[in-house]
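Me: Could you walk me through the fold shown below, one question at a time?

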Amino acid sequence: MTFRGRLLATIRAARAVLECPGVLVVGSEVPNLLEPGAAATLIVSQDLDIGVPVDCHAAVKQRLPELLLHFLPSEDEPSVWTPRARDLLEVNFVGIDYRQDPTDAYMLEDDQLPLLVFGALSLVEPGAEIDIEGTRIRVPRTAGLLLEKLVTDRTGVKGERDLLVALGLIVTGGLADFDELDVVYRRLRPDLQHTVRSNLTILSLIEARTGMPDPRPQRAAIAALLRRLESGDRNLP
Amino acid sequence: MSPTLDRRLREQRARVLIRSLDYRQRHHARGVWFRLRRVLADAGAACIITEDDARKLVAEGHRVEPVGQELEPPKLIVFASSERIAQITSAEPVPMRLSRELLAAEHLVLAPFETTS
């Protein structure tokens, strides 16, 4: 089965939760789903990240039994649900708290579905609803998700892969997305703005990796984005 | 809380602390890698050149990037047009990534992106 086939089968299997109001697909699969026809050619990943706003936690829990046919909660990390069949991806639940500081993180304790709530996800806003072969899923607005990827510290191999997901959003983004990113970026605290720019410089110099977007053809676009974000800022290091 | 989630939470908080330190010290030595990456991010291509050729470029008025002097051993980093770089016989192209080769170079000439200048 192709990677795209596994991704679409996972979305079908997790439909009950994905169609729960407020729930967003976040993470590495978003650029794949934003490609025309959800072509899923940009990023090869082994999990589907599901963002659960803390206000929707109870509603999502009610729908979890419908997932048990296809997934099982991991014993050591119950926010990860592992597939029963090899043709599905893992499902990873993360919490979203729109009131949270972007640098904070906390645990939403729960016996059934504990959630690690990352403050950076508070920058994510609900975006378009997409029909994926009959399942209506909601993805975040590109600008917010791109900033979420860029305000988070990225180190090591995992960090580089996460930055290449940001690159996937740059590749699939349109002019309006970058206008919005500029506006939201200027609302960030200076330390977060610095992290965004620092991560863009890292992204510009990352080596190409199999199964991920190639940064080399996008380096000019990254440089242009850096200059745009820096324009008018006199206090840069 | 499961041990795995607990570990992830502690790692996240540690990263925030480190980032806070990085930001406070960004104008000092700790910020040098950001400043170097920032210069490199503006370059479409890089070449290693000899000291003589680097000095010639400086004498021609090409601006020396200050971050190179913050490193030890110091690097002489200058921007020049692709046309000018094509005239430098010692120019040896090096991929634009944080490779050992690029980081070890003591004399670097960078070509700006033609579309973003």
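This is a predicted model: local features need pLDDT of at least 70, side-chain atom pairs count only at pLDDT 80 or more; totals for chains, interfaces and linings use all residues.

Reply: Residues are numbered from 1 along each chain as its sequence is written, while chains are lettered from A and ligands numbered from 1 in the order in which they are written.

Me: In what order do the elements of chain B run from the N terminus on?
Reply: Helices (H or I, at least four residues) and strands (E, at least two) are DSSP runs, numbered from the N terminus. Chain B has 5 helices and 4 strands. From the N terminus on, they run α-α-β-α-β-α-β-α-β.

Me: Which strands of chain B stand at the edges of the sheet?
Reply: Strands pair if DSSP finds at least two bridges between them. The 4 strands of chain B form an open sheet with mixed pairing, in the order 2-4-1-3. Two of them have a single partner strand each, so one side of each is left without a neighbour in the sheet: strand 2 (76–79) and strand 3 (92–94) of chain B.

Me: Which residue is the bridge partner of Cys47(B) in strand 3 of chain B?
Reply: Strand 1 (residues 43–48) of chain B pairs with strand 3 of chain B in the antiparallel sense, over 3 bridges. Ile48(B) stands opposite Glu92(B) there. For Cys47(B), the bridge partner is Pro93(B).

Me: And which residue is the bridge partner of Ala43(B) in strand 4 of chain B?
Reply: Strand 1 of chain B also pairs with strand 4 of chain B, in the antiparallel sense over 5 bridges. In strand 4, the partner of Ala43(B) is Pro112(B).

Me: What is the radius of gyration of chain B?
Reply: This value is taken over C-alpha atoms, and the globule rule is 2.2 Å times the number of residues to the power 0.38. The C-alpha trace of chain B spans about 65 × 25 × 25 Å along its principal axes. A compact globule of 117 residues would come near 13 Å, but chain B has 19 Å.

Me: How much of chain B is made up of buried residues?
Reply: A residue is buried if 20 or more other C-beta atoms, placed from the backbone, lie within 10 Å of its own. Of the 117 residues in chain B, the buried share is 28%.

Key. A residue is buried if 20 or more other C-beta atoms lie within 10 Å of its own, exposed if 12 or fewer, and partly exposed in between; C-beta atoms are placed from the backbone.
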